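Subject: Structure handover

Hi,

Here is the structure I promised to pass on.

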Amino acid sequence: MPQINAERLLNDLRKLRTFGAVDTGVVRPALSEADIESRQWLKARYEDAGLDGSIDGVANVFGRSRNDGPALIIGSHSDTQPRGGWLDGALGVIYGLEIARACAEDPTTAHLAVDAVSWQDEESNFIGCLGSRSWCGTLDPADEAAARGRDGTPLAEALRTCGLHDVPRQQIEDGRYVGYLEAHIEQGAYLEDAGEQIGVVTAIVGIRGMTITFDGEQNHAGTTARCRNRTLRGCPPDQRGVSQSRGRANRVDDRQRQHRTRRVIDRAGTRRNGLTVPRSG
Ligand SMILES: [Zn+2]
């Protein structure tokens, strides 16, 4: 039974934290200087562990076992939110490294293939899950061409700055993998409340952003009789959510009701929800 080396694991977690450390958190957004430095360090750690280390054209970092498959691939992301927690993503990345090391050190598992990985841009600086999508072959070229970082830098320019624009992108190798495992720090309180140290995820929140355009006539909130409310007219009862949104649009645009305008009223996920409420007549 392989045994992890807890001290080695913690040392690597703490070292990874030093790249972009700020107060109790970490500032290591995808393709930033700190992110790239941390990825070069991680590649070296993979190689120290006897894995074949590489950084591909979107800065995914791979530590590939030299054993033949079938293989497990284990990892997470090492980019962070603009100001992220030091274990968010990092925990799963270093777990992957440590599991690969522990399996290689135990005679009963040394023949098994465990690949380790750190995906790029899970935190949506440019495109959410840029690295894993690239690896899976689901990255839309149009999305990539339009992608900009939070500071407005185009993705292509950021990749060029990092010297990655001509580096090949790796893709999943057919037939090699039997599974992917990712450990992640809990970001709620379920385990803590239950007194548990670890759990298995069976469902995860889904976030979808969209732009919705409503056509109607704005008028003053509250004082407009329902019978005159053109935004609600003809709205079936089962579209209560739409009706509420229309009422919300009226509230937002009240301050500029003389103008045909586009108002951004909310944010969901990584995209804006926009409402267009033209004034007719
Ligand atoms: Zn995360």
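To get going: in the loop between which two strands is T24 found? T24 sits between β1 (21-22) and β2 (25-26). Before you read too much into any of this, bear in mind that the model is predicted. T24 is exposed, since 9 other C-beta atoms lie within 10 Å, and 12 or fewer is the cut-off for that. What made me stop there is G85: T24 and G85 are 61 residues apart in sequence, yet their C-alpha atoms are 7.6 Å apart in space.

The overall picture

The chain has 281 residues, and 30% of them are buried. I get eight helices and ten strands. If you take the contacts between residues at least 6 apart in sequence, 65% of these join residues at least 24 apart.

Helix α3

α3 covers residues 90-105 and is mostly covered, with twelve of its 16 residues buried. The buried residues are A90, G92, V93, I94, Y95, G96, L97, E98, I99, A100, R101 and C103. What lies over them? The cover of the buried α3 residues includes α1, α2 (33-48), β4 (61-64), β5 (71-77) and β7 (113-119). The length of α3 works out too: at 1.5 Å a residue its 16 residues should span 22 Å, and the end C-alpha atoms are 23 Å apart, which agrees.

How α1 meets α3

Two packed helices are described by the angle between their axes and the distance between the axes. For α1 (residues 6-17) and α3, the angle is about 140° and the axes are 10 Å apart. The two helices are therefore oblique to each other, and their crossing is right-handed. On the α1 side the contact is made by R8, L9, D12, L13, L16 and R17, and on the α3 side by A90, L91, I94, L97 and E98. Sorted by class, the contact of α1 with α3 has seven nonpolar residues, four charged ones and no polar ones.

Helix α2

α2 also has 16 residues, and the distance from its first C-alpha to its last is 23 Å, close to the 22 Å expected at 1.5 Å a residue. Its buried residues are D35, I36, S38, R39, L42, R45 and Y46. Which elements do these pack against? The buried residues of α2 pack against α1, β3 (52-55), β4, α3 and β7. After α2 comes G50, which has a positive phi, near 85°.

Backbone spots to check

Most residues other than glycine have a negative phi, and most peptide bonds are trans. Here are the places I would look at with that in mind:

- A59 is not a glycine but has a positive phi of about 75°. A59 is in the loop between β3 and β4 and is buried, with 27 other C-beta atoms within 10 Å.
- C129 is another residue other than glycine with a positive phi, near 60°. C129 lies in the loop between β7 and α4 (130-136) and is partly exposed, with 18 other C-beta atoms within 10 Å.
- The peptide bond from G69 to P70 is cis, with omega near 0°. P70 is in the loop between β4 and β5.

P168 is in the loop between α6 (155-161) and β8 (177-181). Is P168 buried or exposed? P168 is exposed, with 9 other C-beta atoms within 10 Å. Even so, setting aside neighbours within four places in sequence, P168 is in contact with D56 and G57. P168 and D56 are 112 residues apart in sequence, but 5.9 Å apart from C-alpha to C-alpha.

D140 is in the loop between α4 and α5 (141-146). D140 is exposed as well, with 11 other C-beta atoms within 10 Å. D140 and L130 are ten residues apart in sequence, and their C-alpha atoms are 9.9 Å apart.

That's my list. Over to you!

Notes
Residues numbered from 1 in each chain as written. Predicted model: local features only at pLDDT ≥ 70, side-chain atom pairs only at ≥ 80, totals over all residues. Axes fitted to C-alpha atoms, helices over the stretch in contact; angles between N-to-C directions. Helix = DSSP H or I, 4+ residues; strand = E, 2+ residues; numbered from the N terminus. Parallel < 35°, antiparallel > 145°, perpendicular 65-115°, else oblique. Left-handed = near helix turned anticlockwise from the far one by under 90°. Contact = placed C-beta atoms within 7 Å. Nonpolar A, V, L, I, M, F, W, Y, C, P; charged D, E, K, R; others polar. Buried ≥ 20, exposed ≤ 12 C-beta atoms within 10 Å, placed from the backbone. Expected span 1.5 Å × (residues − 1).
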